[in-house]
Amino acid sequence: EDLCWWVFSELAVPIAKGYFVAFATRGGGIAYRGRRAWRAAERAMLDAAPFLQMLPARGPRPERLAKARAVPKASGGMRLLQPMGKRGGLAPWKKKEKGSASIHDAALALRAECRHRPELIGAAAGGSPHTRLWLALREGVRGHGLVLDASGCYDSLDHNRVLDVCAAALQAPAYRIHGGKRATREADRGGAAARTRVITRDAVLAALRSHVRDHHCEDSEGRRFRQVRGVAQGSPVASVVCDLYYGAFERDALGAARADVTICRVVDDTFALAADAATLRGFADAYARLGPGRGVVVQPAKARATFAHPSLPTPPTPTLP
């Protein structure tokens, strides 16, 4: 019995790990893929990514380097993730300069501003999307619904516009970082503990500029890439930057098209309710017309509506997901 267990644990399992990759499925189970085929698909995905630029093989190692890995999407296909860890991809031998801010600090500072001014993130503010929609229905906002899914929201953001949106959001001269888990604006009360640090707005902006304009990643074969557009999915700032970017788009571009429409958004998925179909048609037209200029492109195949629209290939549906 001991020999069988040793053969299984010390020989069979390591050999299987060399040939297969395990992934979690939507139902909570485990799916296995051939490692060699998966790595080939991952390589092809990285080569075809329009937001990545391959670097010379013999070039110097970037100061910050994330690990690029392709993971399966529940709806099919692959998604590129670039986990950066607590050091934000900083090389182990590099030390953070005194008074500087990490990309994790920048994410906490941006979230502090979003808590103070929820209007910054537009339709993503106001609590749970389900709660807001339920309240809208309870208040009599009934009639028609629309679901829009933007394509590659993290990878399509313009770098200059991202930095402008973040600079406009960061209004406090400094921020308090409480134990690396939460931030508050320096003028706010609270946070005199030993692990509380104070970072300036300039330090936060410097960390954001370095991360957005000079982000690099490395695949499983050691090939290195530079991100020329968008924000790395897996970065600590990815979700909050996306919310700020889409919030600015809703506020500055859509404008009057949002009138009489109840909207909630989860990252790049937008759910809209209105009393009549004409109002939502105008909202969908404005979204499709003004979005591409800001890198917000709707996937028509994933859109759903309770009414017919020329830009939506799917037929009207009585219920929305």
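**View 1. The whole chain, from contacts to surface.** Among contacts (heavy atoms within 4.5 Å) between residues at least 6 apart in sequence, 69% join residues at least 24 apart. This is a predicted model: local features need pLDDT of at least 70, side-chain atom pairs count only at pLDDT 80 or more, and totals for chains, interfaces and linings use all residues. Residues are numbered from 1 along each chain as its sequence is written, and side-chain values use heavy atoms, leaving out hydrogens and water. The chain has eight helices and 15 strands. Both are DSSP runs, numbered from the N terminus: helices are H or I with at least four residues, strands are E with at least two. Of the 321 residues, 41% are buried. Buried means under 20% relative accessible area, exposed over 50%, and partly exposed in between (1.4 Å probe, protein chains only). The chain exposes about 17500 Å². Carbon and sulfur atoms supply 56% of that area. Areas come from the Shrake-Rupley method with a 1.4 Å probe.

**View 2. Helix α5 against helix α6.** Two packed helices are described by the angle between their axes and the distance between the axes. Here α5 covers residues 159–169 and α6 covers residues 201–213. Their axes come within 10 Å and cross at roughly 160°. Axes are lines fitted to C-alpha atoms, for helices over the stretch in contact, and angles run from 0 to 180 degrees between N-to-C directions. The two helices are therefore roughly antiparallel, the term for angles over 145 degrees. On the α5 side, the contact residues are H159, N160, V162, L163, C166 and A167. They meet R201, L205, L208, R209, V212 and R213 of α6. This contact divides into seven nonpolar, two polar and three charged residues. Nonpolar covers Ala, Val, Leu, Ile, Met, Phe, Trp, Tyr, Cys and Pro; charged covers Asp, Glu, Lys and Arg; the others, Gly among them, are polar.

**View 3. Helix α5 against helix α7.** Helix α7 spans residues 238–254. It packs on α5 at an angle of about 90°, with the axes 10 Å apart. The pair is therefore roughly perpendicular, a label for 65 to 115 degrees. From α5 come R161, V162, V165, C166 and A169; from α7 come V241, L244, Y245 and A248. Eight of these residues are nonpolar, none polar and one charged.

**View 4. M78 and its neighbours.** M78 lies in strand β6, residues 78–81. M78 is partly exposed, at 23% relative accessible area. Leaving out residues up to four places away in sequence, M78 touches W38, A41, E42, M45, A70, V71, P72 and K73. A41 is 37 residues from M78 in sequence, yet 8.8 Å away in space, C-alpha to C-alpha.

How values were computed:
Angles under 35 degrees count as roughly parallel, over 145 as roughly antiparallel, 65 to 115 as roughly perpendicular and the rest as oblique.
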